[in-house]
Amino acid sequence: MTYITKPKIDLPGQKRNALGLLQRDYEGSMSTLCAGCGHDSITAALVQALWEMSIAPEKLVKLSGIGCSSKTPAYFVKGAHGFNSVHGRMPSVATGAHAGNRDLICIGVSGDGDSLSIGFGQFGHAIRRNLNMLYLIENNGVYGLTKGQFSASADPGSTAKKGAPNLMQSINPVATAIAMGASFVARSFSGDREQLVELIKAGIAHPGCALLDVISPCVTFNDHEGSTKSYAYTRLHKHQATAADYVPAAAEITAQYAEGEAISVKLHDGSSIVLKKADSDFDPTKRSSALGYLEKHRDLGEIPTGLLFIDEDWPEMHAIYGTAAKPLKEFTFAELNPGREALQKLQRGMR
Amino acid sequence: MPATQSRINDFVLKIATVNGTGSASANGLLMQALFRMGIPVTGKNMFPSNIQGLPTWYEIRASRNGYMARSGRVDIMVAMNAQTYQQDMNNVSPGGFLIYDSTWPRERSMTRNDITILGVPLSKLCNENFSVARIRILMKNVAYVGVLAALLDIDLDIVHALLEETFAAKPKLVEGNLQAIRVGYDYARENFTCPLPVHAEKMGNNAGKILIDGNAATGLGCVYAGATVGAWYPITPSTSVMDAFTHYCEMFRTDADTGEKRYCIVQAEDELAAAGMVLGANWVGARAFTPTSGPGISLMSEFIGFAYYAEIPSVFIDVQRVGPSTGMPTRTQQCDLMLCAYASHGDTRHPMLFPANPGECFEFAVKAFDLADRLQTPIFLMSDLDIGMNDWMVPQLEWDDSYRPDRGKVLGPADLDKMERFVRYTDTDGDGITYRTLPGEDSRGAYFVRGSGHNRQGGYTEDSKEYEDVMQRLLVKWETARKMVPPAVMTRAKKKTRLGILAFGSSDGAVIEARDQLAQQGIHTNYLRIRGFPFGTEVLDFLHDHDTVFVVEQNRDGQMKSLLKLETNNPADKLVSILHFNGMPITSDCVVKGVSKHLASEAAA
């Protein structure tokens, strides 16, 4: 836990975003996680990304389940409503929230226990519905709050703090999400702020369920030798498959890329994601290519990062349902209630 | 021929068929025809948890006195299912009639001397008149409608009109159906003395009445309440609530020009998710609900406790079915009272509403949303399979266009302008209800919803005093709820009495009829029908004012009696259970016997 609160004083020369807000306006309450926890770096990346995107705090909702990861919505954007739900059930609350008000920008923060064990079903169905949200998994391979049990994402052969090996298969959220038909799947590392910020922005801009799996080492229970989710292991083995650049609608794409080196994906709001690829054969718009790429690099003992799959055209939940463009909560009672006469007419058929 | 009492507009007609043969529309036709002759009717469907091939029964009661419950009698049995023939014959009341398909011979042993058995070669008649196999099976059902029309003197013009309305879009079907009716009708006229001493007689037109099942009324109530989000997982017997909500939303909430829907119905991956969706939608300010049954409530319990503690409005519709566990999904009970009253771990308690018929399903569905928004807590609408899936005759549903939903204590940007600082869980009005804000509106209203310990500001806490403070305040809110749920309804006996009957929900009809029968025997009872939980002072008064209170309920363990004992400090020996829990809707007979038996045992002692 960090005991030092940052002073709230106006420093001269601080930059303001398009809404006139300082980056500090996107911070939340003080983190109670362990010093050095990967999750705090993700929080910092969220603060930076949301500030840079000039997202109005009141338009944002932050939701989570239970666990260390799920505490983090308290640590960013104090001016946004937050919902710390029950274990593994964040996606359903997000679904309801988005059903009721489709204009909300939804960020769900989950963990590997929360999404890959107790909440595996809801994780799958948020993807299946293509719920328009950023779905972040802060993945450390371990249950921290209950003191170090393996989670479902722990790799076979990796060891617990006291040396016991994990003998079971690991559930890979990225490959699982692609296989289940996700429309946006990315992986990053809490130690790579630059990549993380761009992927958060792309995920928020993506009109559908954006799954972002972030390797986020647990300094207390899973940062030892033998862990495959430690800082050292991740730094050594991560392989940046793509470098994503989020380009807002008004901005111009300036960088020049050689043929096959990069692709540009246009989002429906006019913004773009420019993807620079490590391998010109890799096509992140094709499911088979993405899954093949993941398997190939797993064989090499590497952890591919970056935006790994994207399908911009798959309709999100409301498009599938045909819901009104205006948020349902905004409709007046008169627009929802058929009235006395309609009831009388209806009942003529009940005789 | 055995002696038969003349019973005009006072009989029970029971039809035994095999499910999946299309008998439902024939039975509906009979019921509607009697209804249009102005006779009060109810229809009870006793069906298996199966798609095709198992026994199913439909019981129509015609009651000129307007009694809506099952009586326990069967005056006319139409035994179309060879598999259950023996059982169906045994169930006919002495003096009654049994109609069967005489195309095939019946075992000699299967007979009774105290009833009249009428054989009609229905299969033979249909085989002669129709060529397609599937049509023959369907028309067999329509043909028995024709037989009954002759035997019971049902108005054929009404039957014709109903067929024409039903098949308005497919006139060809009207012809075939009419032919089948005629075949059955003519056969009965030629071979039996028509009508039977038990028959129907036109007695008006049931003006101001409709036929509806409770689930349709509940779904319609949710539309009228302004619910926009429905989340659910299919489960018998609640599924048709969402079917109705969907149907009426398509009808009333779909933009004629753009096709845009002013509603969102999510079929969830399970009941846990359905509950989460309801919380999420209500949290952002959209009225949302989930219809389910007992097993679903078990699964939703974690979220129900969350909604109680984090104070999120939510509406849970429990169409109760037989438990425990999977139980008997297509049979009725009132068995989830304890489950819903205290659902979830820790100290939790939840308001419940008990509709007694589809009319109240409509009314209380609307009420449930108002209470949820006002009290910021889960509200349970406690229907059951009998109310939900059976056909009831009720007064036309009324709607007052001046009604405006009570959205409770919600602060918007204009309210926040006037405040120094918004805090979520501080009671400023003394009613235990605090103010909330909606996401998406104003960053000054932002707060963090959590199921973990929180203080009156809404901040996380593990401080004992802060924790207790919120828990105590929730009790204040519970007292406010006590004054807001629909009060119990008292019906006095014609004579002064110290005997009381207390019931709720679908037991109402049986109690009404039983009280009349008991009064004829000189046993007078006052009747209190509970419509809401927590119990209001009228319930306490009723218990206080009577020496013996019979608590009628449809479960094994006397759950309402337990609730009364737990919540009222009442001497337990005053409460006498009358329990009915075999899965069939309770009969008036059961209540009469329960009361008489207890009084006799008391007299003997």
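**Helix packing, domains and chain contacts**

Colleague: What makes the crossing of α4(B) and α6(B) right-handed or left-handed?
Modeller: The crossing of α4(B) and α6(B) is right-handed, a term used if the near helix is turned clockwise from the far one by less than a right angle, anticlockwise being left-handed. This is a predicted model, in which local features need pLDDT of at least 70, side-chain atom pairs count only at pLDDT 80 or more, and totals for chains, interfaces and linings use all residues. Residues are numbered from 1 along each chain as its sequence is written, and chains are lettered from A in the order in which they are written.

Colleague: Why is α4(B) called oblique to α6(B)?
Modeller: Helix α4 (residues 133–152) and helix α6 (residues 171–191), both of chain B, pack at about 45°, with axes 7 Å apart. Angles under 35 degrees count as roughly parallel, over 145 as roughly antiparallel, 65 to 115 as roughly perpendicular and the rest as oblique. The angle therefore makes α4(B) oblique to α6(B).

Colleague: How do you know which residues of α4(B) meet α6(B)?
Modeller: Two residues are in contact if their C-beta atoms, placed from the backbone, lie within 7 Å. Residues of α4(B) including B:Ile135, B:Met139 and B:Val142 meet residues of α6(B), among them B:Gly176, B:Ala180 and B:Tyr187. By class, this contact of α4(B) with α6(B) has 16 nonpolar, four polar and two charged residues (Ala, Val, Leu, Ile, Met, Phe, Trp, Tyr, Cys and Pro count as nonpolar, Asp, Glu, Lys and Arg as charged, the others, Gly among them, as polar).

Colleague: Which element supplies the largest share of the side of domain 1 of chain B that touches domain 2 of chain B?
Modeller: In chain B, 13 residues of domain 1 are in contact with eight residues of domain 2. The largest share of the domain 1 side, five residues, comes from β3(B).

Colleague: How many residues of chain B are in contact with chain A, and which element leads?
Modeller: In chain B, 54 residues are in contact with 49 residues of chain A. The largest share of the chain B side, nine residues, comes from α9(B). That side divides into 31 nonpolar, eleven polar and twelve charged residues.

Colleague: What makes β2 of chain A and β19(B) a pair?
Modeller: Two strands pair if DSSP finds at least two bridges between them. Strand β2 (residues 81–84) of chain A and β19(B) pair in the parallel sense over three bridges. Within this pairing, A:Gly82 stands opposite B:Phe448 in β19(B).

Methods:
Axes are lines fitted to C-alpha atoms, for helices over the stretch in contact, and angles run from 0 to 180 degrees between N-to-C directions. Helices (H or I, at least four residues) and strands (E, at least two) are DSSP runs, numbered from the N terminus.
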